[in-house]
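Here's a walk through how the chains of this model are built and how they meet. Have the viewer open as you read.

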Amino acid sequence: MNLDFSNEEKEFRKSIRQWMKENVPDDIRRCTARGAMLDKNMQQRWERLLGSQGWLTSTWPEQFGGPGWSATQRYIFDQERASAGAPPTSPFGVAMVGPVLYTFGSEAQKERWLPGIQRGETLWCQGYSEPNAGSDLASLKTRATRNGDHYLVNGQKIWTTQAHWADMMFCLVRTDSTVKQQQGISFLLIDMKTPGLEVRPIYSIDGHHHLNEVYFTDVKVPVENLVGQEGMGWTIAKFLLTHERTTIAGVADIHYEINRLKSAIDALPTETDKQLAVRRLAGLEVDLMALEYTNFRTVAATDEGKPFGPESSGLKIKGTELQQRVSQAMVEIGGLMSLPWDNEEPIGEQIFNQASRRYNFLRACTIYGGSNEIQKNVLAKMLLGL
Amino acid sequence: MNLDFSNEEKEFRKSIRQWMKENVPDDIRRCTARGAMLDKNMQQRWERLLGSQGWLTSTWPEQFGGPGWSATQRYIFDQERASAGAPPTSPFGVAMVGPVLYTFGSEAQKERWLPGIQRGETLWCQGYSEPNAGSDLASLKTRATRNGDHYLVNGQKIWTTQAHWADMMFCLVRTDSTVKQQQGISFLLIDMKTPGLEVRPIYSIDGHHHLNEVYFTDVKVPVENLVGQEGMGWTIAKFLLTHERTTIAGVADIHYEINRLKSAIDALPTETDKQLAVRRLAGLEVDLMALEYTNFRTVAATDEGKPFGPESSGLKIKGTELQQRVSQAMVEIGGLMSLPWDNEEPIGEQIFNQASRRYNFLRACTIYGGSNEIQKNVLAKMLLGL
Amino acid sequence: MDFKLPENTTMIADTARRYLKDNYSFDTYIAQLNESNHLEANRWQAMNDLGWFGLPFAESVGGYGGSLLDVCAIVQELGAALCLDPFVDLIVSPGKLLECANTPTSLALLDRIIAGEARVACGLYDRHAGYHVLNPSLRLNGERLSGQKHVVSDGGVADTVLVSAMSGDELVIVALPFDACGVERYRLLDGSRAASLTLDDVLITDEMVLCRGDAAKQAVSAWFDYLCALDCARMYGACREVYQATLEYARTRKQFGTTIGSFQVIQHYLVDAFIDLQQLESMLLMVSVKGESANVCERGRATAAAKAYYANQAVGITQQGIQIHGGVGVTEELNIGHYFRLVTHASLSHGDREHHMSRFIQAGENQNEVV
Amino acid sequence: MDFKLPENTTMIADTARRYLKDNYSFDTYIAQLNESNHLEANRWQAMNDLGWFGLPFAESVGGYGGSLLDVCAIVQELGAALCLDPFVDLIVSPGKLLECANTPTSLALLDRIIAGEARVACGLYDRHAGYHVLNPSLRLNGERLSGQKHVVSDGGVADTVLVSAMSGDELVIVALPFDACGVERYRLLDGSRAASLTLDDVLITDEMVLCRGDAAKQAVSAWFDYLCALDCARMYGACREVYQATLEYARTRKQFGTTIGSFQVIQHYLVDAFIDLQQLESMLLMVSVKGESANVCERGRATAAAKAYYANQAVGITQQGIQIHGGVGVTEELNIGHYFRLVTHASLSHGDREHHMSRFIQAGENQNEVV
């Protein structure tokens, strides 16, 4: 039983902290400190910078280009990244299609796609959800029909985050409608520049463009872009759902948010306002501590090679709820200062100026990637043995 | 639109307030102020006193001996009753079997039973729940077999509040097991002194004896004690569930509890302790205000002859939750003072001395009479039109 | 007690609902969101024709003597329609302050508001004072006014602004032209238009000072309570729509081969929302009456309770509405997210939960002294 | 980091669990509830034989050098078994205070506790001071001690009590015989035995004063943090059992022709409890280590956070456990209600939620200054 990092880990932390201090670009740091969203350029510059260090794909096995870090090191890295005011990286390439490729992909596919992800050069998006297949993913309808050396893809995806930035999409498509829903699904890689593929923006209630609809009209996808076999799509999707993510709870970024908020309390009008804010924040900090130590335990377990259990869903549920509560606290503590939406000059503290946008944005975090209700249904099955 | 009582109502309030001042027995007032439970003697003295005024059965139509009060007057009466430190009356006779009898009973039954209820002389209990029929009442198994001029009752009831005090029980029994569950149920009146009827205590987690198991072994019940027809039991039970109760939310008693708690805040150790308690109480008061005005609206609607809608379930759900929250606040604000369980001399304020018993007792109020979950199921059906 | 709306109020509410249904759709809202001028001439004239401009004010000052209840009925419908027309910002809010100030100058300006001639906004907030409206940070030194005002809601078009300032220990209310200040205009969280004003030794003549001292305090306090009640009305209208839309969505949206309304967890959410909405309605009725009570303590206690309650429950209903709608709930394409912004906004304007809890506690203490 | 329990701790926990399983049933508990003497000779001897009496204390003072983690492992099992044997009240609590006081007199008394010879209780609370243990209301004037102590947990049998008092501005800790005080004995919420003591000019000789001033403060502060951690361990043991029992009940209890665990709302309750229990376990591990940290600020922050968190979540789990059990959950016949009382009790002893939130805030501020 030891709640401290080892000396090696402390050294590692020191070196990462130093690197962050020297290398996080100022404009990115300022953007995060304001609570604003990064644009594509900033996001990509940051990911390429990490890629150049070999750190972008820190969760990957060494043989595929990971840096060989332990889960604890990855956790430390994430903490240092967040507290340096650097943004999280996009999950689609690194955390999703990458592991799929090195687990299920052919040698040719690995060679072709992994280096671009590793260097932060290829941007990916995820084509899962459809207008009538939200939580009920297996009912998806976009179909891919084999036609010689390619598939013809027709249909529609929705809620496609960063489709307008992406070079490639990994996509669940129906290749067989004669079998059981889950068995007729395949996993395809689609070039976003293919003719017949159209991306239409969906604006989120934070006023920004993150999401898209993607329409497919006879989109030609070479058969070598099929990952695994036809019909393996559902297996791959499930693999991804349970795939280890030591940072799923968002602890590092919640810490950063709480610290930002703390630093702004002095800007409140009266002593009473300040005291009430401090007390509210303290409640959030205590809850964060419980989440953090639970997260520590899963990190330590990972390093011992123990498989993840239902804890990981628990971390997601509690983490997203806490993110929402922190963002709500920020808006409410900001009060008047949170009301302006598109002003140039913040009235009062910078952080309150973007707080209500962030609060709006984060309403989605209990919905995407399987809503918290769905997560609970899944957990219940495991617990109750139904 | 008028949120004030009329002059007549204010006069009524004044006269009730005066009466309460002069007539609530001191020992009962002190008992309530301590937050303690009344014993049978006190409870019955109080009900007989109200009975002697004709006020015990204030919800009854005048023709059956009600005082002819409007719903508003009944509401006012209840407010004055609670703020005078007098206890609520037992619902089983007045609010339950009474209305059943004057609605479904024969003339002979009315003559025989109503006067005793009206005067507070006959104590009743409710024989509904069974060990395997809790929320699922229709699955009850206690059976009554016709045998000449009487029924033979065999089976078991449970959670029977005040069965050890009661003279009579009204009881749901199965008279026909060949038809659909709900259709085979009848409504019987059973004398608690009948041979073969045995009452066994169940102690509640407040350490007191409120509940009982009641066992029936060939208990002879005269056929004239059947209310309505055989098989009408379910209809009668449903009638009771929707029967108007203007005080279901418990607003008057919650007010009393909050005021008791307020008066004890000065006993807290430090200024900070006091301020935090005041703030917590204020939150409860605001929630009570929302409940109270909703209650006012149903009272006013009743006086206009408008039938009760789903609001009444809403009042029950919110009211019981608030009762629990207030009692939890009392225990937690009391802190150390709430810890002693059976001491003679309270350490500090009287009210904290019984607070933890009350907190324990009130865990039941979201369970009995149809748990809040069941209430929500029923409401959902109505709202969603399923 | 009687909770039936007076016939007149019902008529006002029905007219407002019908007018907005016919003239203000979600598309109208989306278009207006992107305008910098929220005063749309046709609708503005129509509202004038409907008598709304004079409704909030006593007959003795040239108004039509409508009650707070009447105005809440309109504002509720504006909230339900997401309507951004600056009826509250350019009519009710400045008008009430002028009516409460009750001086010849103020009433003359009120006349012009009622006539639809003046475009006046209220500048009673600045970020240094926060919600403490009796202690603004703007300073009047002799004839010179300096400091800042923030979140001055003006529909993007006001030419005159009523500002509060401290002159020594005394509160004063001053009317001055917008263009005497440095102005930055922007959109607010609910989509409405507002401005920050910077005053740098602006010359204030005697006739620009509407009132001062206790009179100014009383005017601002009555104005504040009145506006709190309107916040609640607006939130109620929004919540009503969110609840209805969510119920409808649960009835019709299919997932896993069945409507999502068949899931017990969703059902219980909806029941909770139904019950909460009922209680919100009760609190709105309460505050619509007591929010203009002559008993200042009762008035303050009522508005504090209502705003604190709304900040919890109304926000909760819209959050759950989004959650049940899932992905589509967080897009600009659907109205749900816009209602969420509106409710969040209204829960923060004129005092957040904590501010009103403090007021509620204070009112309780004063009451104990007084009664 | 490493969250594996040391082998030794696992052994201690296993032994405790096995011992209690074999020797302490729910019926034993019910019987003990009604006893006024909670020191049952056979089990007391067995606990001594198991080495528990010396475990909590350093080898340098004659103990067996167990960690807080070890003691938490035992207390967790005592909580899970609802066991009322006064191991904490008569061994750990007085022993820790004596160990922290660290004077020849105090260590001599500690020796007798470890040997199972002394029956000593701690009287550090009174209702006037509440949870503010560094400022008791008992006064030592010259040689005379006067005032009251409340909720002195003693299993109904202690003959000696360690009390805190103010001597001028100085905190002192005094050991004195129970029978020097007026004693009222009673049961507490969790079923344990306690007493109120009234001291009326009790003569205090020099050798009865164990320590004073900063030394006394440091001793009480370390004692307080240690006991807070044990509260959490006890609550965790109880919650673990409630969760398991509720899950089992949901799996087997039938209503409406199906198990109640098939209802989605019940399922989500259980999932919430599962997740909360995990976080409670994390907080317990955290506080079991940091609760005896040499860094006083870290120690205080850890125990404050843990107790505040438990006061919310552990109480919540037991409340829901009752609700899901329905009628049977509110009876003395089933263990669930008893766990609820235990958890409520432990959430209030040694500081309620608000008290610990204040401490947490304070610790944060000090840390900012120090580090």
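For 386 residues, a compact globule would have a radius of gyration near 21 Å, and chain A agrees with that at 22 Å. That radius is taken over C-alpha atoms, and the globule rule is 2.2 Å times the number of residues to the power 0.38. Along its principal axes, the C-alpha trace of chain A spans about 75 × 45 × 45 Å. Chain A has 12 helices and 8 strands, counted as DSSP runs and numbered from the N terminus (helices are H or I with at least four residues, strands are E with at least two).

Chain C gets the same check: its 371 residues would give a compact globule a radius of gyration near 21 Å, and chain C has 21 Å, which agrees. Its C-alpha trace spans about 75 × 50 × 40 Å along the principal axes, and chain C has 11 helices and 10 strands.

A few ground rules: this is a predicted model, where local features need pLDDT of at least 70 and side-chain atom pairs count only at pLDDT 80 or more, while totals for chains, interfaces and linings use all residues. Residues are numbered from 1 along each chain as its sequence is written, chains are lettered from A and ligands numbered from 1 in the order in which they are written, and side-chain values use heavy atoms, with hydrogens and water left out.

Now for the interfaces. Contact means heavy atoms within 4.5 Å, and buried area is the accessible area (1.4 Å probe) that two parts lose on being put together, summed over both. A salt bridge puts a side-chain nitrogen of Lys or Arg within 4 Å of a carboxyl oxygen of Asp or Glu.

| Item | Chain A and chain C | Chain C and chain D |
|---|---|---|
| Residues in contact | 47 of chain A, 45 of chain C | 4 of chain C, 4 of chain D |
| Buried area | about 3,800 Å² | about 380 Å² |
| Carbon and sulfur part | 61% | 61% |
| Salt bridges | 1 | 0 |

Which residues of chain A lose the most area to chain C? They are A:Ile205, A:Leu336 and A:Leu339, together 19% of what that side buries. As for charge pairing, the side chains of A:Glu332 and C:Arg353 meet in a salt bridge at 3.1 Å, N to O. On the chain A side, strand 6 (197-203), helix 9 (271-303), helix 10 (311-334), helix 11 (350-362) and helix 12 (372-384) each supply at least two residues that touch chain C. By class, that side has 21 nonpolar, 16 polar and 10 charged residues.

Over at chain C and chain D, the side of chain C that touches chain D has 2 nonpolar residues, 2 polar ones and no charged ones. How do these two copies line up? Chain C can be laid on chain D with an RMSD of 0.0 Å by a turn of 180 degrees and a shift of 0.0 Å along the axis, so the two copies are related as by a two-fold rotation axis. The same surface serves both copies, as 100% of the contact residues of chain C recur in chain D. The superposition is by least squares on the C-alpha atoms of residues with pLDDT of at least 70 in both.

Notes:
Nonpolar A, V, L, I, M, F, W, Y, C, P; charged D, E, K, R; others polar.
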